[in-house]
Every structure is written in structure tokens, then in C-alpha cells.
Amino acid sequence: MDVVAALPYAALAVALFAGGWVLYRAGSMTEVPLYDAETASDPASLSVVLAASLTAFGVVTLAFAGFHAAGRSSVVVVAGYGVVVLCIALGTAWRTRAYE
């Protein structure tokens, strides 16, 4: 049953990897909806930072799916996943401010 519960997290990790790869390969932010190209100072660097962030989210989510599939998703694992995701989000927000 733990493997079935981990499948959505694994699918999310794959989607995050794919999104990061597409953004990295595009080299620009034109693929991102609601992006205002006139306000950005360096769209190519912004796309690289966001691609790295999506990849980091994917790695952490895949690790969480692995813990969950192995039946080791304790309160500490779930809280750690939440803290790491929050740190990645805050780091991304801090780093992208220079490009917007």
C-alpha cells in the first residue's frame, strides 16, 4: 500500500524534472505563462535558476517518494521534506530577485 501512496509523489518528481529540463533547454522564460519579458533584466539566467530549483524540488520529492514507498515516512521525514521544500522556495525567491 505504501508503494501506491508514493506513486503520486514519484509522478510529481518526474514532472518537476521534465519542467526543469524544458526550461533549461529553452534558455529563456518565453515558455513560462504570465511572464513579463519587459521587466526582467536577464531572462536567460532566470531560466537557469528556475530550472535548477525545479530539479532540486524533483530530487527532494523523489527522495520523499522513496521513503514513503519503503514505509519509512515518519513525522520526521514528512517535516524534513516540508522544511527542505520551504528552504528551496525561499532560496529561489531570494536568488531570482536579482533578475526581475
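Predicted model: local features only at pLDDT ≥ 70, side-chain atom pairs only at ≥ 80, totals over all residues.
1. Overall fold. The secondary structure comes to 3 helices and 0 strands. Read along the sequence, the pattern is α-α-α. The C-alpha trace spans about 50 × 20 × 20 Å along its principal axes. Of the 100 residues in the protein, 25% are buried.

2. Contact range. Take the contacts between residues at least 6 apart in sequence. Of these, 75% join residues at least 24 apart.

3. Packing of α2 on α3. The two axes come within 10 Å and cross at roughly 180°. Angles over 145 degrees count as roughly antiparallel, so α2 is roughly antiparallel to α3. On the α2 side, the contact is made by L46, V49, L50, S53, A56, F57, V60, T61, F64 and F67. On the α3 side, the residues are V77, V78, Y81, V84, V85, I88, A89, T92, R95 and T96. By class, this contact has 15 nonpolar, 4 polar and 1 charged residues.

4. Main core. The largest nonpolar core has 7 residues: L16, F57, V60, F64, V77, Y81 and I88. The elements giving two or more residues to this core are α2 and α3. Look at F57 in particular. Leaving out residues up to four places away in sequence, F57 touches L16, V85, I88 and A89.

5. Second core. There is also a second, separate core of 6 residues. Among its members are L23, M29, L46 and A51.

6. V85 is found in helix α3. Its relative accessible area is 23%, so V85 is partly exposed; the buried class needs under 20%. Apart from residues up to four places away in sequence, V85 touches F57 and V60. For a sense of distance, compare T30. V85 and T30 are 55 residues apart in sequence, and their C-alpha atoms are 25 Å apart in space.

7. Aromatic pairs. A pair of aromatic rings is described by the distance of the centres and the angle of the planes. The model has 3 aromatic pairs. One of them joins Y9 and F64, with 4.9 Å centre to centre and 85° between the planes. That pair is edge-to-face, because planes over 60 degrees apart fall in that class. Y9 lies in helix α1 (residues 2-26) and F64 in helix α2 (residues 43-69), so the pair ties together parts that are 55 residues apart in sequence.

8. Exposure of these two rings. Y9 has 31% relative accessibility and counts as partly exposed. F64, at 6% relative accessibility, counts as buried.

9. The stacked pair. F64 also pairs with Y81, at 4.5 Å centre to centre and 20° between the planes. This pair is stacked, because its planes are under 30 degrees apart. F64 lies in helix α2 and Y81 in helix α3 (residues 75-96), so the pair ties together parts that are 17 residues apart in sequence.

10. Ring pairs link Y9, F64 and Y81 into a cluster. F64 and Y81 also belong to the largest nonpolar core. Both are listed in the α2 and α3 contact too.

Methods. Residues numbered from 1 in each chain as written. Heavy atoms only, no water. Phe/Tyr/Trp six-rings, centres within 6.5 Å; stacked < 30°, edge-to-face > 60°. Helix = DSSP H or I, 4+ residues; strand = E, 2+ residues; numbered from the N terminus. Buried < 20%, exposed > 50% of the residue type's maximum accessible area, 1.4 Å probe, protein only. Core = buried A, V, L, I, M, F, W, Y, C linked by side-chain atoms within 4.5 Å. Contact = heavy atoms within 4.5 Å. Axes fitted to C-alpha atoms, helices over the stretch in contact; angles between N-to-C directions. Parallel < 35°, antiparallel > 145°, perpendicular 65-115°, else oblique. Nonpolar A, V, L, I, M, F, W, Y, C, P; charged D, E, K, R; others polar.
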